[in-house]
Protein chains: 2
Amino acid sequence: MNTHRLSSTDADFDARLDALTAWSEERDSEVTERVHAIIQDVRRRGDAALVEYTNRFDRRQATDMAELVIDADALQAALARIPAAHREALEIAAERVRSYHRRQLTESWQYRDEDGTLLGQQVTALDRAGLYVPGGKAAYPSSVLMNAIPAQVAGVGEVVMVSPSPDGELNDTVLAAAAIAGVSRVLSIGGAQAVAALAYGTETVPAVDKIVGPGNIYVAEAKRQVFGKVGIDMIAGPSEIVVVCDGHSDPDWIAMDLFSQAEHDEEAQAILLCPDAAFIDAVQASMARLVTTLERETIIRTSMADRGALILTRDLNEAIEVVNRLAPEHLELSMADAEQWAKKVRHAGAIFLGRHTPEALGDYCAGPNHVLPTSATARFSSPLGVYDFQKRSSLIGCSPAGASRLAAVASPLARSEGLTAHARSAEYRLIES
Amino acid sequence: MNTHRLSSTDADFDARLDALTAWSEERDSEVTERVHAIIQDVRRRGDAALVEYTNRFDRRQATDMAELVIDADALQAALARIPAAHREALEIAAERVRSYHRRQLTESWQYRDEDGTLLGQQVTALDRAGLYVPGGKAAYPSSVLMNAIPAQVAGVGEVVMVSPSPDGELNDTVLAAAAIAGVSRVLSIGGAQAVAALAYGTETVPAVDKIVGPGNIYVAEAKRQVFGKVGIDMIAGPSEIVVVCDGHSDPDWIAMDLFSQAEHDEEAQAILLCPDAAFIDAVQASMARLVTTLERETIIRTSMADRGALILTRDLNEAIEVVNRLAPEHLELSMADAEQWAKKVRHAGAIFLGRHTPEALGDYCAGPNHVLPTSATARFSSPLGVYDFQKRSSLIGCSPAGASRLAAVASPLARSEGLTAHARSAEYRLIES
């Protein structure tokens, strides 16, 4: 099976690894302009523009936004229609996701200093959040749970979910997941027009405070353009996994774990790091044998050939160094003492520990979020979480004595900056002693 | 003194308030293109481009980036040169800021579920952070402390501070603050070119993972454009304060508190909300008398006339409703029971409680950060904090029994999504019972 084979001792290893993992964050100026025009139009014309763009891009025939609203009854009906086994699996997954995310809740705190001055941090939830859930062939019910549950746990006042339905096709399992996650209605819109509607509001769509969730290039560009008017989460690139293996796992398991990433789409990236050349050969043999048994064989072959790699490292320490350089979205540590090795990982979206923890379990139901930082953004960002739906206000409450002491510090600093009103405002609070 | 007078009972109150507080987040396409060109040029030509732009925009005559580096010795020399009172004030401020921010540290956590499966969140610091500190007439030593200390407390590996020196003018107090904050060197560069250098790296400037700190429109646009390659904090608009007063504070104090915001620049915004018309008259009289005594009288007169307002509300409850609508950067609650009233505030960057807590104390030394969300972005964002320099990785470590149980949930969900490799990867971990 065709994929890249690299060794960390290759003279051109760094350059080849860089080339293989490069993902251009460059934007296409045509996309930028088209998205800008769509946003302006939705701001100006509201629902009318939103219906027009939806009809055009999703091949719908709506005459009115009301036809694009999927209400609570429709969501419950979908929940009743899906197979009982799917419903039960979604409910177990939702409960595990909820239980994990509850631990992410940030609480307000305050304390008093020796002067009796109160200092603290007041934590509040967003009033309204917009969730973008991709539609069409990338419609994943698990994504509904992963986006909606953290917002709910945070205590967001209102959750507005949008998800396009190309050709009017609705995915019952997606709607059922919305019902289980407690979403009260879904708007069947997508693309830049949905992001514009969430950011600025229309007659039907309430303006939200933050928009989260992955989407295609138009959605990503629209999020970038509305950033500032609303908050956004990280802009997602193609999904990736790095598997580190000590050579003692079943090669079939490792091959299938790599494929579970590669099957997402042609641009997905699956990389194995291992210090055992014979094991790498065994994995490659497993891949060749197993790929023919999979529905998405063509996609897997393309992504493994274009962006996949089996990399021989000097040892496991070096493998972890490469991990920290790549800052992967998903990291599987299929090795002994995975918990100890994880402590050396500085950058990764999610870390899957040990031979019994394939990424697929995390994608659906382990508990942690599956919306993760891609394209090395784990260097500075985190999985989607409850913290994305909470924000903080500083609290400062000076006692008269505390104010006087602080004024004595602030006044000379303010005067050194030429800010006399700041100094005078502080000096009013000085107490003559 | 000229400023807007509004009453919440005015028929056109909502429209007037919206107009007064409107701040266009629209970008100028010429700025967008100029910034894009600068970024591309710095990416391509590195230090050479950086020196050229710095010479042009800051009116410097550097021949080499080395001339634009202010090293640790120069920072220490500045610290030795400033007046002892300033040094002491900076040191007290730094210690209070450090003490407050330590309480923001997020710790890693983990737990095991009933199957022995480990779930958790591993918290790590950024490897490298870039701090943008404005230069020239807006060079504030306090901003150095407020940017650098949270990064340090978070445990960031390397902090790279940039601050432009128009006409080569260096502010000793700014350099001294950098020394006190433990910054090891300052690069005397600014504008879009400095943001580009921090995002992509040059021969002299190491590429960072996140860029924080306020700047002018070119800096803001550059941050927006490099977002994704690196993390950024919120994009700052003009500074604002809303003061809520019950009518029982000294009107001179309130007038000066409003002025301490208005003196920042012509676009700064200072608003008073009060249910007592006679008190509002008294504040306006104080303003007329006090403004003539201030160095920045002209700036204050302009910002109060253009963007300031004294607003009569029906009662204090309505005043807090207006606060939640405005989501102000700074909120002063100059009233009895301020702590109780603060609990009704859903959106504000920092809340100053009681008559003895003017914003100026928070700007310099109370402890909480003075880099705060402006232009109503407190609806979804927080003060700059230690959390801006930390990120999280999810931890999942399945026991064999736990993996088997989760695989039974994941498998049907994966098959319902048509992801066979996901299902097969999970099914390998099923244990026949």
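Guide: Welcome! Let's begin with a rule: two strands pair if DSSP finds at least two bridges between them. Please keep in mind that this is a predicted model.

Visitor: What makes β5 and β6 of chain B a pair?

Guide: Five bridges join strand β5 (residues 128-132) to strand β6 (residues 158-162) in chain B. The rule asks for at least two, so these strands count as paired. One of the links is between Arg128(B) and its bridge partner in β6(B), Glu158(B). The two strands run parallel.

Visitor: What holds strands of a sheet together in general?

Guide: Strands pair through backbone hydrogen bonds, either parallel or antiparallel.

Visitor: Which strands of chain B form the open sheet, and in what order?

Guide: There are six, in the order β2-β7-β6-β5-β8-β9, and their pairing is mixed.

Visitor: Why are β2 and β9 of chain B said to stand at the edges?

Guide: β2 (69-70) and β9 (231-232) of chain B each have a single partner strand, so one side of each has no neighbour in the sheet.

Visitor: How do you know that β15 of chain A pairs with β14 of chain B?

Guide: The same test works here. Three bridges link β15 (residues 390-397) of chain A with β14 (residues 350-353) of chain B, and at least two are needed, so the strands pair. They run parallel. Ser394(A), for example, has Ala350(B) as its bridge partner.

Visitor: How many residues are in contact between chain A and chain B?

Guide: On each side, the number is 124. About 11000 Å² is buried between the chains, with carbon and sulfur atoms giving 56% of that area. In chain A, the residues that lose the most area to chain B are Tyr364(A), Ile396(A) and Arg429(A), together 7% of what that side buries.

Visitor: Why is the meeting of Glu332(B) and Arg429(A) called a salt bridge?

Guide: The N to O distance between their side chains is 3.9 Å. The cut-off is within 4 Å, so this Arg and Glu qualify. The count between the two chains is twelve salt bridges, and 71 residue pairs are in polar contact.

Visitor: Which helix gives the largest share of the side of chain A that touches chain B?

Guide: Helix α16 (residues 400-416) of chain A does, with ten residues. By class, that side of chain A has 58 nonpolar, 35 polar and 31 charged residues.

Conventions: Residues numbered from 1 in each chain as written. Chains lettered and ligands numbered in written order. Predicted model: local features only at pLDDT ≥ 70, side-chain atom pairs only at ≥ 80, totals over all residues. Heavy atoms only, no water. Contact = heavy atoms within 4.5 Å. Buried area = accessible area lost by both parts, 1.4 Å probe. Polar contact = N/O pair within 3.5 Å; in protein donor to acceptor, adjacent residues only side chain to side chain. Helix = DSSP H or I, 4+ residues; strand = E, 2+ residues; numbered from the N terminus. Nonpolar A, V, L, I, M, F, W, Y, C, P; charged D, E, K, R; others polar.
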